[in-house]
Amino acid sequence: MTLDPILLFFVLGLAAGLIRSELRLPGQVYELISIVLLLAIGLKGGVELAQQNILNLLPQLAAVIAMGVALPLVAFPFLTKLGKLPRPDAASVAAHYGSVSVGTYAVAAAYLATANVSYEAHMPLLLVILEVPAIVVGIWLAKGAAARQNWRSLSHEIFAGKGVVLLLGGLMIGWIAGHEGVESIKPVFFDAFKGVLALFLLEMGVLTAARLADVRRYGYFLVVFAISMPVFSAIVGCTLGWLLGLSVGGTAMLGILAASASYIAVPAAMRISVPEANPSLSLTASLGITFPFNVIVGIPLYHQLAEWIHR
Amino acid sequence: MTDKNRVVLTVITEASLESRLISAMESHGVRGYTITDARGKGQRGRRSGDWDFERNIRVESICSAEVAAKVSKELEAKFYRDYAMVLYSYDVNVLRPDKF
């Protein structure tokens with residue numbers, strides 16, 4: 001299989017970052033690009049979702065939330081015992097790995113589209129839902145159940161965040177407008193999706209390169225964790241997908257969602273709720289190691305895994 | 001003659017603290033402020049502005065020395081341990097003391 005050109009954009013960004021090139025997308029452009037990607041993912045799901053009965057999905061949503069709670073709980077003891085990380089750091093990293101990355105999802109969507117593999121329409125809904133539970137578990141792990149926490153400002157931070165608003169908003173617009181309705185906006189959101197994603201990955205490459213310098217500082221444990229944890233999570237996600245009766249594509253997608261680690265929503269929430277945790281440590285793991293691993297090696301691997309489970 | 005001396009209280013800190021910082025300042029009687037985005041480097045490393053939690057802001061407010069002292073004390077107690085924060089003040093003369 002040939003390498004998808006969008007990955008070459010990522011490699012270009014990475015190389016540019018490593019040679020300390022001046023290359024950067026302007027901040028506002030990056031904002032716009034991520035808005036387009038979030039809306040496009042939401043819209044696509046919403047259009048398809050319009051043809052389904054949402055109530056039938058409830059058991060699946062519950063199972064996926066349970067997975068979002070379980071993954072950080074599994075990661076936490078490894079981080080404290082083997083990694084010897086202080087409790088707040090371990091909790092924060094665990095939360096990052098229980099949550100999801102929209103960037104990884106977008107690359108996976110492009111990958112599966114190229115491979116002509118279809119997947120269930122409600123995957124964007126699972127993407128939104130999986131963002132949240134790990135954050136709550138992470139705070140609980142850091143502070144204990146009895147800790148006083150300003151849940152009001154935290155829930156505002158989570159649910160009013162750009163990611164959730166745009167994904168859910170896109171889902172609803174797609175749902176209301178339906179196939180014919182979105183026809184007129186197709187050029188921007190669907191036809192241009194891969195081009196926009198390529199620009200996004202270019203910037204992500206530069207940002208990843210900036211993190212790589214920190215990888216050495218945190219030692220081998222973090223590298224091993226940041227690669228083995230997503231693989232383990234993907235096995236859990238694919239198994240769950242298979243048990244829930246998802247298609248091969250859906251199973252792969254759930255594996256990818258499980259494997260991906262947050263680098264936007266969770267860092268922001270942790271900074272507010274668990275300020276004693278070192279934000280650079282978690283981001284180095286999730287963005288510096290796990291994101292490139294997932295995008296380049298992980299996604300095809302998890303797709304294979306899904307096919308193997310379904311055999 | 002009215003006293004025209006005030007201080008400019010400047011706080012450079014993490015953007016994610018903005019709302020909590022402002023409510024702390026207002027609770028001590030700060031009436032107005034100016035916020036600008038900031039980048040730079042300090043004890044906690046480079047603050048690149050790449051991510052929301054790596055963005056810095058600079059909050060400036062003109063107030064009386066008493067208010068500035070109260071605000072400083074509260075910010076120190078609340079945020080110094082876990083957040084990147086630099087705080088300083090200097091004297092200024094203002095034309096309309098009633099405004100500040």
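# Close-up views of a predicted model

**View 1. Strand β1 of chain B is shown beside a partner strand, β5.** In this predicted model, eight bridges join β1(B) to strand β5, which covers residues 56–63 of chain B, and the two strands run antiparallel. One pair of residues to look for is B:I12, which stands opposite B:R58 in β5(B).

**View 2. Strand β1 of chain B is also shown beside β6.** Strand β1, made of residues 5–14 of chain B, is joined to β6(B) by nine bridges, and these two strands again run antiparallel. Two pairs can be picked out along them: B:T13 stands opposite B:M85 in β6(B), while B:V7 stands opposite B:D91 in β6(B).

**View 3. The pairs of strands belong to an open sheet of four strands in chain B.** Reading across this sheet, the order of the strands is β2-β5-β1-β6, and the pairing is antiparallel. Which strands stand at the edges? They are β2 (34–38) and β6 (85–93) of chain B, and because each has a single partner strand, one side of each is left without a neighbour in the sheet. If direction is ignored, neighbouring strands of this sheet are turned by 20° against each other on average.

View 4. Followed from the N terminus on, the elements of chain B come in the order β-α-β-β-β-β-α-β. Of the 100 residues in this chain, 27% count as buried. Among the contacts in chain B with a separation of 6 or more, 76% are accounted for by residues 24 or more positions apart.

**View 5. The largest nonpolar core of the model holds 108 residues.** The members that touch the most other members are A:A94, A:Y105, A:L127, A:L197, A:I256 and A:L257. Which helix gives the most to this core? It is helix α11 of chain A, spanning residues 193–218, which contributes 13 residues. For A:L197, when its neighbours within four places in sequence are left aside, the residues in contact with it are A:I6, A:L37, A:A106, A:V107 and A:A110. Apart from this core lies another one, of 16 residues, and B:V30, B:V67, B:A68 and B:V71 are among them.

**View 6. Helix α3 of chain A is followed from end to end.** The buried residues in α3(A) are A:Q60, A:V64, A:M67, A:G68, A:L71, A:P72, A:A75, A:F76 and A:L79. What covers these buried residues includes α4 (87–98), α6 (123–131), α7 (133–143), α12 (220–243) and α13 (248–259) of chain A. After α3(A) comes A:K84, whose phi is positive, near 55°.

View 7. Most residues other than glycine have a negative phi. A:R20, however, has a positive phi of about 55° although it is not a glycine, and it is found in the loop between α1 (5–18) and α2 (27–49) of chain A. Is A:R20 buried or exposed? It is exposed, because there are 9 other C-beta atoms within 10 Å, and a residue with 12 or fewer counts as exposed. A:N116 likewise is not a glycine, yet has a positive phi of about 60°, and its place is in the loop between α5 (102–114) and α6 of chain A. With 7 C-beta neighbours inside 10 Å, A:N116 also counts as exposed.

**View 8. Two pairs of residues in chain A are shown with the distances between their C-alpha atoms.** A:P86 is found in the loop between α3 and α4 of chain A, and it is partly exposed, with 16 other C-beta atoms within 10 Å. Although A:P86 and A:E276 are 190 residues apart in sequence, they are 9.9 Å apart in space, C-alpha to C-alpha. A:A113 lies in helix α5 of chain A and is partly exposed as well, with 14 other C-beta atoms within 10 Å. The C-alpha atoms of A:A113 and A:A268 are separated by 31 Å, and these residues are 155 residues apart along the chain.

Terms used
Residues are numbered from 1 along each chain as its sequence is written. Chains are lettered from A and ligands numbered from 1 in the order in which they are written. This is a predicted model: local features need pLDDT of at least 70, side-chain atom pairs count only at pLDDT 80 or more; totals for chains, interfaces and linings use all residues. A nonpolar core is a set of buried Ala, Val, Leu, Ile, Met, Phe, Trp, Tyr and Cys residues joined through C-beta atoms within 7 Å. A residue is buried if 20 or more other C-beta atoms lie within 10 Å of its own, exposed if 12 or fewer, and partly exposed in between; C-beta atoms are placed from the backbone. Two residues are in contact if their C-beta atoms, placed from the backbone, lie within 7 Å. Two strands pair if DSSP finds at least two bridges between them. Axes are lines fitted to C-alpha atoms, for helices over the stretch in contact, and angles run from 0 to 180 degrees between N-to-C directions.
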